[in-house]
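This briefing goes through one protein model by topic. Look at the structure below, then read the points beside it.

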Amino acid sequence: MSDYHNNEFLGFGTCAPPNIIPESLYSYMFFPPIKSKNGTPVAAPYGLRKVEAMLLKEGISVATVSPDAVDKYVQDAKVIGIHVMDPFGLGPASSTFAALFKKEPYLAIYFKNLLGRLAVHRTKANNVKVVVGGPGAWQFQYRLKFVEDYMIDCVVEGEGETVLGQVFRDLLKGETVPRHFKVGPERAPSLEQIPDIVNPSVNGLVEIGRGCCRHCEFCNVTLRPLRWFPKEKIMREMRVNMAGGVRSCCLHAEDVLLYGSRNTLPDEQRLIELHEMVMKRTESLSWSHCSLAAVQANPKLVAKISEIVRARQAWWGAEIGIETGSARLARKIMPAKAHPFRAEEWPEVVRSAMGVLHDNLLVPACTLIVGLPEETEDDILKTMELIDDLRGMRSLIVPLYFVPLGKLTSEDWFHHAEMSDLHKQLLFLCAEHDFRWMRELIDWSVGGQWYGRFLSILMQVFGVLAKKKARQLEVSVLK
Ligand code: SF4
């Protein structure tokens with residue numbers, strides 16, 4: 001549980017395995033433990049705050065504690081709920097790092113460590129139950145033995161609002177619950193069933209909507225219905241964060257630029273109103289995600305939002321999926337990703353929209369998918385051409401191995417052993433791109449903290465070492 005120095009981008013550091021930097025220094029640089037008082041964190045992951053609010057609404061007594069303080073609270077607990085983002089390092093970013101460095105990533109090591117500590121207490125004393133949920137809950141279907149060994153009573157996968165009260169009440173009564181509870185779209189909560197958080201979320205993250213209308217085949221989100229939250233609800237949650245001393249705000253949706261829209265065209269008025277409202281109150285803003293198609297659909301709107309945001313801060317960031325530079329593959333697996341443009345126009349949409357972001361100081365952390373089903377050499381070459389064209393655009397580009405999710409769960413995982421020479425060249429091309437922009441982005445990311453200079457130097461040194469290592473690897477691999 002960390003706020004990553006108030007910067008969600010740095011959270012990517014948890015996906016790496018132990019490396020040249022000693023663990024204590026590395027964790028200080030990328031994921032220092034969240035500040036807490038008697039084990040109560042000043043802020044907690046947003047999903048955990050939703051569960052807390054939901055259980056309080058159901059009349060259940062709840063304490064949210066940091067992982068370091070679990071040992072202290074476990075004796076008095078009846079049920080322990082654990083929020084997981086990527087518990088086994090099977091997510092696209094961490095599984096790619098793990099394959100490249102042939103080691104388990106930090107987030108998987110820390111999760112196992114937490115469960116190990118819990119197991120000690122559980123055999124000694126009470127009959128405390130364990131429930132696990134969160135965005136990474138899907139990974140437990142690949143680790144059934146772990147669920148058994150660590151005595152996990154229930155894994156809740158999907159949106160929990162309509163089922164969590166029942167699960168916790170049944171466990172408190174000593175009744176059995178399903179080991180794996182998959183919440184389908186038919187049980188997705190309505191707006192009224194989603195409670196407001198009652199305590200601050202990490203980095204002031206506030207959800208502005210759920211679901212996505214683009215239906216990319218490799219994505220889990222696509223299975224959920226689209227709902228946008230009213231401004232009043234967003235404002236209430238921002239007030240909770242500010243009252244708890246969290247003054248930043250991260251607007252969260254799968255595509256912030258489609259806030260309030262029922263199609264793939266941004267709703268100009270709603271977006272302007274939302275950003276004027278948020279920027280009056282927050283000290284710094286970020287977006288969780290947006291789409292390049294929505295940027296390109298209305299570049300002037302992006303400029304207007306940029307003006308509102310940059311009246312208070314120099315830049316802001318968002319995670320963005322490029323996925324592929326191949327129009328053929330785009331048409332096949334993500335036909336609506338480019339909408340309102342045609343799928344065939346995807347590479348051009350990416351080039352133009354990335355230029356708009358560069359000009360307006362919205363810095364994207366972009367992802368690519370390596371090893372998509374039916375990917376050909378020509379598809380990889382098209383992606384490499386695209387990355388080459390993006391060299392002048394301030395961004396990070398992270399290639400990720402294909403993970404079978406969404407409508408593609410029956411497909412095979414992409415394994416490191418399947419890497420062709422072209423795949424390797426693509427990875428090195430992305431690394432070169434990232435190293436080109438790293439210095440500036442590190443300064444921008446941590447410059448605002450009082451210890452920013454020190455942290456920035458540490459990260460620059462880490463960057464130089466990583467760059468040297470990547471170059472050595474590139475020479476030996478491509479020889
Ligand atoms: S990958 Fe992004 S754009 Fe595609 S369905 Fe998922 S959230 Fe929507």
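In what order do the 3 strands of the open sheet with β7 stand? The order is β7-β10-β11, and the pairing is parallel. The model is predicted: local features need pLDDT of at least 70, side-chain atom pairs count only at pLDDT 80 or more, and totals for chains, interfaces and linings use all residues. Residues are numbered from 1 along each chain as its sequence is written, and side-chain values use heavy atoms, with hydrogens and water left out.

**Terms for the sheets**

- Helices (H or I, at least four residues) and strands (E, at least two) are DSSP runs, numbered from the N terminus.
- Two strands pair if DSSP finds at least two bridges between them.
- Strands of a sheet pair through backbone hydrogen bonds, either parallel or antiparallel.

- Strand β10 (residues 248-252) pairs with β11 in the parallel sense over 4 bridges.
- Leucine 251 has tryptophan 287 in β11 as its bridge partner.
- Helix α8 (residues 231-243) lies across β7 and β10 and runs at about 160 degrees to β7; contact means heavy atoms within 4.5 Å.

**The sheet with β12, β13 and β14**

- This open sheet has 3 strands in the order β12-β13-β14, with parallel pairing.
- β12 (316-323) and β14 stand at the edges with a single partner strand each, so one side of each is left without a neighbour in the sheet.
- The twist averages 25 degrees from one strand to the next.
- β12 and strand β13 (residues 362-370) run parallel and are joined by 7 bridges.
- Opposite glutamate 323 stands leucine 368 in β13.

**The second largest pocket**

- A pocket is an open set of points on a 1 Å grid over the protein atoms alone, where a 1.4 Å probe fits, with protein on both sides within 12 Å along at least five of seven lines; lining residues have an atom within 4 Å of a point.
- The second largest pocket holds about 1,500 Å³ of space, a volume being the space filled by probe spheres set on the points, which are joined across faces, edges and corners.
- Its lining has 47 residues, and Phe97, Phe101, Phe435, Phe462 and Ala466 lie nearest its centre.
- α15 gives the largest share of the lining, 11 residues.

**The ligand**

- Around the ligand are Cys212, Arg214, His215, Cys216, Phe218, Cys219, Thr222, Glu254 and Lys337, where near means a heavy atom within 4 Å.

**Backbone exceptions**

- Most residues other than glycine have a negative phi, and most peptide bonds are trans.
- The peptide bond from histidine 339 to proline 340 is cis, with omega near 15 degrees.
- Proline 340 lies in the loop between α12 (327-333) and α13 (346-359).
- Histidine 5 is not a glycine, yet has a positive phi of about 55 degrees.
- Histidine 5 lies in the segment before α1.

Definitions and conventions:
Axes fitted to C-alpha atoms, helices over the stretch in contact; angles between N-to-C directions.
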